[in-house]
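Please read the points below with the sequence and the model open beside you, and look up each residue as it is named.

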Amino acid sequence: MRWVDLTIPWGPEVEPVPGHPHIFYVQIHHHELHGLSTGFATFSIHTGTHVDAPYHFIPDGLTMDQVPLEWLCGPAILVDLRPYARPRHPFTVQQLEAAVGDPNELWDRRAVLWSGWAQDHWHDPSFYRDHPYLSTEAARWLVERGVRAVAVDFAVDGGSPEPGQPRYPVHRILLGANVCLIENLINLDRIGQRTFTLVAMPVPVKGGNGGPARVAALVQP
């Protein structure tokens, strides 16, 4: 078995969601002065690699400490959307169908959508400005195919909402169906095969709308 770490390195250079603070980290104790090292940090739960709990957008949804780990860890399928990735353009149902092939493979699996975006943009302002995103129809298609979770290397919502519709419709569709989002993955090119085991371990923030996470792929030789 081979492990592939899919987590963005955690530090102040990670680009946050617009309106959220950058990670702030300072040392409390230093080896030279105290014989040990400790630190203090402030950050948004949704900065870097993290998991969105349903409560993020659903008032009566499960909070991060209530989400079962088996929703986030288990068989996964890598969906290569790189041929269709365009800045500020949505991924469509037709593109998902072409990339997935047999939609039955998605049932009760964690769909890992690979655009290549985060790999090159996680540390610059274009990360949340010019990213590709999912169409609302594509989000509904994933729910209807029975996915257990959706993991991405791009922000799933983008563009302007339809008149009369709320903001962040893709988040609302997925989280409203208890399909958690595992966001901001890198190193997807190192997995090297279509199916694998995804392991996403968020901090179980009590009453939380999400949690920072260490995410990895466990790959058969």
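1. Helix H5 ends before Gly-146, a residue with a positive phi near 80 degrees; helices here are DSSP runs of H or I with at least four residues, strands are runs of E with at least two, and both are numbered from the N terminus. This is a predicted model, in which local features need pLDDT of at least 70 and side-chain atom pairs count only at pLDDT 80 or more, while totals for chains, interfaces and linings use all residues. Residues are numbered from 1 along each chain as its sequence is written, and side-chain values use heavy atoms, with hydrogens and water left out.

2. Within H5, which covers residues 136-144, the buried residues include Thr-136, Ala-138, Ala-139, Trp-141 and Leu-142; buried means under 20% relative accessible area, exposed means over 50%, and partly exposed lies in between (1.4 Å probe, protein chains only). Among the elements that cover these buried residues are helix H3 (93-100), strand S7 (110-114), strand S9 (149-152) and helix H6 (169-176).

3. Which residues of H3 are buried? They are Val-93, Gln-95, Leu-96, Ala-99 and Val-100, and because they fall within an arc of 160 degrees when seen down the axis of H3, they line one face of the helix; the arc is taken from the directions from the helix axis to the C-beta atoms. Gln-94 and Ala-98, on the other side of H3, are exposed. The buried residues of H3 pack against strand S5 (74-80), S6, S7, S8 and H5, and just after H3 comes Gly-101, with a positive phi of about 85 degrees.

4. Arg-148, in the loop between H5 and S9, deserves a careful look. Arg-148 is buried yet has no salt bridge, and the nearest side chain of opposite charge, that of Asp-108, is 4.9 Å away; a salt bridge requires a side-chain nitrogen of Lys or Arg within 4 Å of a carboxyl oxygen of Asp or Glu. For charge, Lys and Arg count as positive and Asp and Glu as negative, whereas His and the chain ends are not counted. The side chain of Arg-148 does reach the backbone oxygen of Asn-178, at 2.9 Å. Leaving aside neighbours within four places in sequence, the contacts of Arg-148 (heavy atoms within 4.5 Å) include Glu-70, Trp-71 and Cys-180.

5. How many disulfides are found in the whole structure? The search finds 0, a disulfide being a pair of cysteine sulfur atoms within 2.5 Å. The sulfur of Cys-180 is 11 Å from the closest cysteine sulfur, in Cys-73, which is too far for a bond. Cys-180 counts as buried at 0% relative accessibility, whereas Cys-73 is partly exposed at 22%.

6. The whole structure holds 7 salt bridges. Glu-105 takes part in one with Arg-109, where the closest N and O atoms are 3.9 Å apart, and in one with Arg-194, at 3.3 Å from N to O. Glu-105 lies in the loop between H3 and S7 and Arg-194 in the loop between strand S10 (180-183) and strand S11 (195-202), so this pair ties together parts that are 89 residues apart in sequence.

7. Arg-129 and Asp-130 also form a salt bridge, with the closest N and O atoms 3.1 Å apart. Through shared partners, salt bridges join Arg-88, Arg-129 and Asp-130 into one network. Asp-130 is buried at 14% relative accessibility, while Arg-129 is partly exposed at 47%.

Conventions
A polar contact is a pair of N or O atoms within 3.5 Å; within protein, one must be able to donate a hydrogen and the other to accept it, and residues adjacent in sequence count only if both atoms are side-chain atoms.
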